[in-house]
Amino acid sequence: MLLKEISAQLQAGKAKIVKELVQQAINEGIAAEDILEKGLLDGMNIIGEKFKKNEVFVPEVLVAARAMNQGAMLLKPILAESGVEAKGRVCIGTVEGDLHDIGKNLVKMMLEGKGFEVVDLGTDVPAKKFIETAVEENCQIICCSALLTTTVDVMADVVKAAEDAGVRDKIKIMIGGAPVTQEYCDKIGADAYTIDAASAADMAVNLL
Amino acid sequence: MNIHELLKTTAQSDKKKALPILSFPAAQKLNVTVEQLVKNSELQAKAMETIANDTDTIAAVSLMDLSVEAEAFGANIRFSEDEVPAIIGQLVSDEDEANALTVPSLESGRALVCAEGIRLAKQRITDKPVLAGMIGPFSLAGRLMDVTEIMYICYDEPETVHTVLEKATSYLIGYGKAMKLAGADGIMMAEPLAGILSPDMAEEFSVPYVKRIIEALQDENFALIYHNCGNSVLSMLDNIFSQGAAAYHFGNAVDMEAVMQKAPCDIICMGNIDPVEFFAQGTPESITQATKELLHKCSHYKNFIPSSGCDIPAHAKWENIDAFFAAL
């Protein structure tokens, strides 16, 4: 019941209540992994599915993700102590020359909603920085976002930088954004192209 | 024929003419950079004149540069040689900063450069209306408060957002009056950020302010065209149409046929060939096919005008632009 309530309050974007309920669940001895999966991630998954169907919109996803992160912060030390690891690690950024970030932010939240740890590089990120970060932070996936047609080619540079660094076979590269297409993804040899944030999160799960 | 009559006649015509958001690609023909274009009245007027002379668009549209207004308020701006300027940072983050925000004069930033561009364009373009470009109130507030952060603040401190929206609306009415005085026949007002809101949030944070701007500026000789290329517009069409614009312009994130099916027959709607996939990255063949498909689905509606889905990028290929018009 308490875990369902956490999920429901997360979906409503009630960060303060979610944090209180997560603490209550911890105090009651519910396993941190269960609080995470059946409370927080359950709520985010429902939001993600509703977002795909246009039943909720960007602001609802943002506040739900904020509620999730507030709750997850309480669980992090407990999960780390018991050796529970994230589903995977992703580094994400908007490519060099591009300052748009709302799409990238949404993808980040949906990835966290699937249990990924996300290293957010922000915007205007050079190709080499994606690779350096992925190596340093042990990321399995790199996600590149672009909104400007003139910056899309940086994504090809990311693929090349991964090859030059000798890590191409260890790191999956996903791309997305308004000017990006499946055709372009195939052309540059990236691993996946997704059309929106919810699809990106699903794809990341499939790529592991 | 005034702008309202032109829009009506175009929509009702069996052989459709188009009104794409087409301005930046003129930079190629003038051999100037986007940065030069956005900073210079004479170049802006030349760009509109070039588009008016070289294409069959029903009206000349000024630059959809959504940075002018935020820059005037004091937001940080980054110019680029070949892309529209970008607003960076967050000028307003809380109630105190919202209260301290002052509505700038038109002398601030490039507003008067753009108004002068309209005045010069109007002198040179005598056979088509000239439409100025302007940002919408919620989209402007988003640029002042950061487009992601404003979403949180709408939930946490809605009154703070309303404070900024009041000031944004006041500025936009003044800017619109300057465009009217400069001789513009109307304004294309872009409110894309409202297009990712829920219907309830759009009803609170965008619609009332858009209505005020339209009521303040629109008259029998001056038209406000409302642009919203967001993907949630289909769920808020009633709200959108309640705003009282002369026409409504939609993006390629939505199915134009679905819009036309829901739109009352006396409300003019425009859209929506993908500016990136077809105008910039496509071929003459692909854009011809896309345009013919759009016409097949929508041209029988007597309130439909074909257009691009949004602003056509500066580096879009002119062979594709020409193919779009040829396909009509």
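**Interface and cores**

Tutor: This is a predicted model. Across the interface of chain A and chain B, 8 residue pairs are in polar contact, both residues at pLDDT 80 or more.

Student: Which elements give two or more residues to the side of chain A that touches chain B?

Tutor: Those are α4 and α5 (102-113) of chain A. The most comes from α4(A), with 6 residues.

Student: And by class, what is on that side of chain A?

Tutor: It has 11 nonpolar, 5 polar and 4 charged residues.

Student: How many salt bridges between chain A and chain B?

Tutor: The count is 2. One of the salt bridges joins Arg66(A) and Asp156(B), with the closest N and O atoms 2.6 Å apart.

Student: How much area do the two chains bury between them?

Tutor: About 1,900 Å², of which 63% is on carbon and sulfur atoms. In terms of contacts, 20 residues of chain A meet 23 residues of chain B.

Student: Switching topic. Which residues touch the most other members in the largest nonpolar core?

Tutor: Leu111(A), Leu7(B), Leu19(B), Phe138(B) and Phe250(B), out of 179 residues in that core. Helix α4 (residues 58-81) of chain A gives the most to this core, 10 residues.

Student: What else is there apart from that core?

Tutor: Another core, of 29 residues, lies apart from it; Val125(A), Cys139(A), Ile171(A) and Cys185(A) are among them.

Student: Back to Phe138(B). What is it in contact with, beyond four places in sequence?

Tutor: The contacts of Phe138(B) include Ile150(B), Met151(B), Val161(B), Leu165(B) and Phe205(B), and also Glu191(B) and Ser206(B).

Definitions and conventions. Residues numbered from 1 in each chain as written. Chains lettered and ligands numbered in written order. Predicted model: local features only at pLDDT ≥ 70, side-chain atom pairs only at ≥ 80, totals over all residues. Heavy atoms only, no water. Core = buried A, V, L, I, M, F, W, Y, C linked by side-chain atoms within 4.5 Å. Buried < 20%, exposed > 50% of the residue type's maximum accessible area, 1.4 Å probe, protein only. Helix = DSSP H or I, 4+ residues; strand = E, 2+ residues; numbered from the N terminus. Contact = heavy atoms within 4.5 Å. Buried area = accessible area lost by both parts, 1.4 Å probe. Salt bridge = Lys/Arg side-chain N within 4 Å of Asp/Glu carboxyl O. Polar contact = N/O pair within 3.5 Å; in protein donor to acceptor, adjacent residues only side chain to side chain. Nonpolar A, V, L, I, M, F, W, Y, C, P; charged D, E, K, R; others polar.
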